[in-house]
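This report looks at the disulfides of the structure shown below.

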Amino acid sequence: AVVSSLCSGLVWFFGVFLATSKKNKTANTAEVQNLKELLFTSMQSIVSLNELATDLSEKVARLTTSMSETQVYVKTLKASVVKALGELSASFRATREDVARTKQEVGDLRENGNLTAITAQITRLSTSLAETKAEFANIGREVTVVGGEEGPGDAKCVKVCAGTTGRKTTKWTDYHTHGLTMKVDISDCGFVKIPTLTTSIEGRGYHWRATGTAAIYAATTKEFTMYLEGGKEVGHNPKNGKGIEWQWNVEWIAVGYTC
């Protein structure tokens, strides 16, 4: 508004000057031109001043907004701090009460003579735990591998691992005229050297006539292969699904090193 008033005043002044000059015939062309240039320069300065004032007003507005937001944030932060201090004070009071209650309970135990009994019981439990650990250590030393396919390993890593292929999960493959074969997976044992293996056959019938129940082929740290031959009598051939029907399965025990 101030800038507009200044511009209007300059225009009015120039108009009055021209009117007076024409009336009195005192102004020449050079003076009029100089006055025009002065008027033009003044208006440019006024416009620049107006732009500066506008920019300054915007900055003041942004600063005012920022200050308002800062005040809101400070109020929120203050409320959070006050709440946190209140919670901390409550927690401290509760802890102090717990400590006092514990001291009282310990004092009562001492007066009643129970503290000594509790201490003795803890001592007995500690002794029992140590004895149990010693027994477990002795059990570990009772398992010994005296020989193996790949030489000795770490005695601390001897492991006994056992399993079965399962009555309803064993999948035999027919072999020759009266035989069956399958690979047995022992990878879950985690052996790092080929273990010593013992096998047998379990089932619902006729496996007592089978041969090869303890014959192990191609043993590795992860699997071994079995070959069985059924009886030659009529009805004793385990091929064509009979071995699965009779629920023949391999039960095995492996002893070896895991490290």
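## The pair C161 and C189

Both C161 and C189 are buried, where buried means under 20% relative accessible area, exposed over 50% and partly exposed in between, computed with a 1.4 Å probe on protein chains only. A disulfide joins these two residues, C161 and C189, with an S to S distance of 2.1 Å; the term stands for a pair of cysteine sulfur atoms within 2.5 Å. Distant parts of the chain are linked in this way, since C161 lies in strand β1 and C189 in the loop between β3 (179-185) and β4 (196-202), 28 residues apart. Because the torsion about the S-S bond of C161 and C189 is about -75 degrees, this disulfide is left-handed.

## The pair C157 and C259

C157 and C259 also form a disulfide, with their sulfur atoms 1.4 Å apart. This pair links distant parts of the chain, 102 residues apart, with C157 in the loop between α3 (114-142) and β1 (158-164) and C259 in the segment after β7 (249-257). Helices (H or I, at least four residues) and strands (E, at least two) are DSSP runs, numbered from the N terminus.

The link of C157 and C259 is right-handed, with 70 degrees about the S-S bond. C157 is buried at a relative accessible area of 12%, whereas C259 counts as partly exposed at 42% relative accessibility.

## Overall pattern and basis

A search of the whole structure finds two disulfides, and with bonded cysteines counted along the chain they follow the pattern 1-4, 2-3.

The model is predicted, so local features need pLDDT of at least 70 and side-chain atom pairs count only at pLDDT 80 or more, while totals for chains, interfaces and linings use all residues. Residues are numbered from 1 along each chain as its sequence is written, and side-chain values use heavy atoms, with hydrogens and water left out.
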